[in-house]
Amino acid sequence: MTGEDGAVEYRELTRDSSGPASPDGGLPRLSPKAAWFPRSEPVLHIRRDGRTFVVDDPVMDFPRVIVFGARPCDAAAPDILAPLFGWDYHDTFFEQRRRNTAFIVIGCTRPVDAACFCTTVGVDPAGEGLGDVLLTPWGDDVFLAEARTEVGESLLSDVPADPRQEGEPSAADLEAFRRRVRESMPPRFEVAALRSALARRFDDPFWERAARSCLACGTCAYVCPTCHCFDLQDEMVGSRGLRQKNWDACAFPLFTLHTSGHNPRPDQASRWRQRLSHKFRYYPEKFGRVLCTGCGRCLRLCPAGMDMLADLQELAGAPSRDREGAVEERTRPGALPDGGGAEGVGG
């Protein structure tokens with residue numbers, strides 16, 4: 001995680017990088033999804049010799065990746081997607097990249113802004129049960145490090161203890177702190193009520209009104225840590241080519257366009273309905289998990305001001321927050337209010 005233009009981003013850390021950002025610097029504008037689901041990925045290599053084509057599998061020697069400073073809403077994403085990529089067919093590309101990815105998670109201390117709703121969809125903002133190492137902010141520039149897996153124990157094995165620390169906090173103090181973190185992010189709507197409404201209001205005029213501002217740009221899908229739609233394309237240059245997966249999005253008009261010219265989702269209203277229904281109805285019914293981590297990126301970064309959370313609240317019959325507040329927060333991407341310190345630690 002590196003600092004760029006006053007914000008933080010997930011980037012490969014090299015000798016020429018600008019350097020790591022503060023571990024508590026906020027939520028990066030883009031998710032680290034490319035670590036386990038790249039934007040473009042070759043799945044076949046093609047060679048042509050006259051009229052003969054030879055197809056070879058790519059070398060799957062994927063590098064090991066450590067996502068340092070992952071927020072809980074990002075670290076939860078691969079586990080949510082795993083049932084899909086290992087369902088009736090095992091996607092070895094996803095599964096091997098996931099095995100090669102370790103997470104050093106930083107627990108949140110409060111919401112990033114009004115767009116956060118992780119607790120609503122079952123993600124713990126304190127980070128328990130997520131990642132390989134959990135860092136909990138514990139005072140000024142101090143983090144409590146806990147290994148959650150064997151990989152995490154290996155990562156921490158060579159890290160010396162901070163000589164300034166006299167001892168670890170008690171289990172009671174730590175649990176009280178995490179409870180306060182969770183209470184600072186109350187649920188925004190009932191997921192069960194939303195799922196029922198999505199089934200009941202399939203043909204509701206709500207969808208046309210809700211999607212009126214949509215530009216079909218796909219930003220919401222590209223910044224989302226759990227959106228996973230892709231297209232397969234064959235490309236040839238001379239006698240060599242490849243077949244590759246490229247990110248796609250259900251917001252695009254071409255996404256469901258048939259070769260006959262028929263499009264079962266002919267307008268943005270039907271496409272917006274599909275996006276919400278997939279995440280909060282179809283996927284949970286199939287795999288038992290909501291296809292959303294509540295990170296709020298789709299709200300902050302939508303160029304047209306689409307507010308998925310407000311739509312979900314309206315469908316679920318929950319009180320809606322102030323839409324204007326979310327628009328204002330988008331001018332401060334990734335910023336944590338008041339520096340995001342561990343307020344009230346140990347008290």
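A residue is termed buried under 20% relative accessible area, exposed over 50% and partly exposed in between (1.4 Å probe, protein chains only). The structure is a predicted model, in which local features need pLDDT of at least 70, side-chain atom pairs count only at pLDDT 80 or more, and totals for chains, interfaces and linings use all residues. Residues are numbered from 1 along each chain as its sequence is written, and side-chain values use heavy atoms, with hydrogens and water left out.

**Figure 1. Overview of the protein chain.** Of its 347 residues, 48% are buried. The secondary structure comprises 12 helices and 10 strands, taken as DSSP runs (helices, H or I, at least four residues; strands, E, at least two) numbered from the N terminus. The chain exposes about 17700 Å², of which carbon and sulfur atoms supply 51%; the area comes from the Shrake-Rupley method with a 1.4 Å probe.

Figure 2. R97 belongs to helix α3, residues 92-99. This residue counts as buried because its relative accessibility is 16%. Leaving aside neighbours within four places in sequence, R97 is in contact with A35, W36, P38, E41 and F62, a contact being heavy atoms within 4.5 Å. The buried residues of α3 are F93, F94, E95 and R97. Their cover includes β3 (40-49), α2 (77-85), β6 (101-106) and β10 (240-247).

**Figure 3. Crossing of helices α6 and α11.** The axes of α6 (residues 191-200) and α11 (residues 308-316) come within 8 Å and cross at roughly 85 degrees. Axes are lines fitted to C-alpha atoms, for helices over the stretch in contact, and angles run from 0 to 180 degrees between N-to-C directions. The two helices are therefore roughly perpendicular, a term for angles of 65 to 115 degrees. A193, L194, A197 and L198 of α6 make the contact with L312, L315 and A316 of α11. These residues divide into seven nonpolar, no polar and no charged; Ala, Val, Leu, Ile, Met, Phe, Trp, Tyr, Cys and Pro count as nonpolar, Asp, Glu, Lys and Arg as charged, and the others, Gly among them, as polar.

**Figure 4. Packing of helix α6 on helix α9.** Helix α9 (residues 268-287) packs with α6 at an angle of about 110 degrees, their axes being 10 Å apart. This makes α6 roughly perpendicular to α9. From α6, L194, R195, L198 and A199 meet L276, S277, F280, R281, P284 and E285 of α9. The residues of this contact comprise six nonpolar, one polar and three charged.

Methods
Parallel < 35°, antiparallel > 145°, perpendicular 65-115°, else oblique.
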